[in-house]
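Trainee: Could you take me through one part of this model up close? Pick a single residue, and then zoom out to whatever else is worth a look.

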Amino acid sequence: MIELNLQRRRGAFEMQVNATLNAAVSGLFGPSGAGKSSLLGMIAGFIRPDSGSLVIDGICLFHHEKNRPEKNIDVPIHQRRIGMVFQESRLFPHLSVEDNLAYGYKLLPAKDRRFEFNQIVELLELGRLLAQKPHQLSGGEKQRVALGRALLTSPRLLLLDEPLASLDVRLKHQILPFLRRVKNEINIPMVYVSHAIDEILYLTNHVAIIDHGELLGAGQFHEVMQDPRVLTLAHSLGLENVMHVEVASHSVQDGYTIATLGANLGTNSGGGLGSQQLHMPLVEVVVGKTVSVSVAASNIALSTHPLSGVTIQNQLYGVVKDISHVGMRVLVSIDVGSVLIAEITAKALQDLRIVPGKGIYCLIKTQSLRPLALSN
Amino acid sequence: MLDSLFTFSAAEIAALVLSAKVAVFCTLLIAMPGVAVAWLLARKSFFGKSLLDSVVHMPLVLPPVVPGFLLLLVLGSQGVIGKWLNEVFGITIAFTWVGAVVASAVMAFPLMVRSARLAISQVDIGLEKAAQSLGANPFKVFWSVTLPLSMPGILTGLILAFSRSLGEFGATITFVGNIEGETRTLPLAIYTYTQVPGGDLPAMRLVILSMLIAIAALMISEVLERKAARRVGLATNHD
């Protein structure tokens with residue numbers, strides 16, 4: 001569990017972060033310049049907060065109160081045991097892959113080592129690379145070595161600062177499965193920073209959203225998305241709703257893919273709803289695989305009855321869970337096997353007599369669904 | 001005639017050996033402080049940094065006689081420290097070969113620092129941060145990352161310092177004089193021969209010798225640098 005309560009002010013930029021992260025992987029998401037890297041820097045110890053505290057699994061790494069300086073704690077970077085993987089791998093160019101991997105491992109007392117050297121080498125499939133120098137590696141290999149190097153220090157927490165940002169899509173696909181493997185096989189909490197929501201959702205549904213130095217929310221993706229400020233941010237990114245669907249068939253000629261939205265597919269349990277079909281733009285993903293698709297709240301219309309004679313292909317049945325008013329907007333969250341947020345007008349809300357618990361159809365045009373780049 | 005160009009007298013050989021001894025000790029003397037000051041100037045900000053920078057570089061811009069004279073004032077037998085050293089430990093520095101080492105060290109120090117500082121400042125701080133996050137304390141970071149990655153530049157600095165020491169004249173002659181067998185290094189010997197009748201031939205011999213040493217030093221530095229650069233990988237940057 002990571003308990004964050006950190007403040008820092010530099011000029012006009014103010015960081016204000018107050019959150020508790022307790023997921024295996026927390027995705028830290030926000031536009032560039034939002035303060036993602038600064039937050040990681042404060043956790044790792046590279047940047048000193050003005051005040052606040054940082055507690056990981058009950059161990060206080062930083063504490064600063066203006067009025068009680070005798071209580072202050074600031075554990076030096078090298079004693080924090082917080083692993084970092086950077087966007088640029090930052091491998092030591094004068095050391096072989098093996099020596100890079102062993103760098104932190106050797107500095108760690110044997111009793112604190114949670115993994116065997118070879119265990120990590122095998123997990124990340126690094127055996128073949130051990131004798132090489134970093135400049136002989138590809139971008140993806142470098143990041144795998146950097147990941148292994150950090151894991152071998154048995155960190156309390158692993159921070160990944162846009163580790164895939166400098167890789168092309170093909171390499172991302174190659175390295176993401178390793179990250180998931182690490183998540184599944186190694187019990188080290190991770191904070192994964194990215195401005196690519198598809199990378200984050202591939203690894204976790206637990207997200208923290210940051211903008212202008214402020215943490216807007218942390219929790220399950222669909223819950224966080226209901227926060228009006230997050231929604232405003234997500235709106236500009238077109239990301240209010242993300243569904244995980246399983247590819248059922250392709251219609252290459254007509255340019256669409258049919259996918260199944262099942263109750264057990266999405267990470268949010270849909271109470272006993274059967275699986276529903278979704279028409280989406282054609283994706284190059286093998287049948288049976290899972291893809292994530294996003295749709296903006298403003299692109300979802302609601303109907304109390306199934307419609308016939310309309311061009312809209314998708315009519316997902318769901319149950320209204322919640323209704324919230326955000327300024328002039330009305331947001332209805334509906335469980336269709338995955339939680340969707342639809343934006344409607346106040347008048348429509350009244351006319352259709354939408355209340356929590358009511359069954360309703362979500363109308364979504366095929367072309368308003370946006371497949372996210374990565375398949376699971 | 002050609003034979004006589006390569007037949008060295010005992011005095012000439014003494015000058016050569018003395019020069020080599022002074023240059024070696026000078027290089028050894030400034031290696032550690034040179035790297036330390038270079039690291040301070042490259043990586044730290046502190047009160048008085050620009051003053052330290054200026055003081056270190058002073059010998060580069062002053063006439064060499066000036067540092068020599070200042071050394072005499074400080075370390076001479078009547079100097080502030082020199083007198084104390086003599087009374088307490090019985091050590092004399094002025095007008096000894098040790099003084100020649102000190103004089104050339106002062107003159108060579110800025111060359112060493114400049115070269116090492118440039119090399120250290122080119123080491124990616126990101127790598128040092130990565131090392132810290134892997135559990136390395138600041139000393140370990142320096143020893144295992146900064147130092148090896150700046151080694152080519154540090155070696156260049158040491159070779160420059162060695163060569164500067166071999167060629168030192170002004171500060172040496174001011175501080176330790178021109179005593180045959182004690183402080184008469186190669187340049188001083190050449191100067192001395194040019195001042196006496198019939199000294200042209202021995203002077204020429206030493207000039208040729210100096211040139212050979214200079215060429216050898218440059219070649220060795222080239223090889224060492226290339227070796228070191230290869231050892232630390234293609235580049236100091238990580239990508």
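Mentor: Let's start with A:L201, which counts as buried because 23 C-beta neighbours fall inside 10 Å, and the cut-off for buried is 20 or more. Keep in mind that we're looking at a predicted model. A:L201 has its place in helix α7 of chain A, which covers residues 197-203. If you set aside the neighbours within four places in sequence, A:L201 is in contact with A:F221, A:V242 and A:S292.

Now for where the two chains meet. On the chain A side, 24 residues are in contact with 21 residues of chain B. Elements of chain A that each supply at least two residues to that side are α2 (77-80), β7 (82-85) and α3 (97-107). By residue class, the chain A side that touches chain B comes to 13 nonpolar, seven polar and four charged.

The C-alpha trace of chain B spans about 70 × 50 × 30 Å along its principal axes. Of the 239 residues in chain B, 43% are buried. As for contacts in chain B between residues at least 6 apart in sequence, 76% join residues at least 24 apart.

Key. Residues numbered from 1 in each chain as written. Chains lettered and ligands numbered in written order. Predicted model: local features only at pLDDT ≥ 70, side-chain atom pairs only at ≥ 80, totals over all residues. Contact = placed C-beta atoms within 7 Å. Helix = DSSP H or I, 4+ residues; strand = E, 2+ residues; numbered from the N terminus. Nonpolar A, V, L, I, M, F, W, Y, C, P; charged D, E, K, R; others polar. Buried ≥ 20, exposed ≤ 12 C-beta atoms within 10 Å, placed from the backbone.
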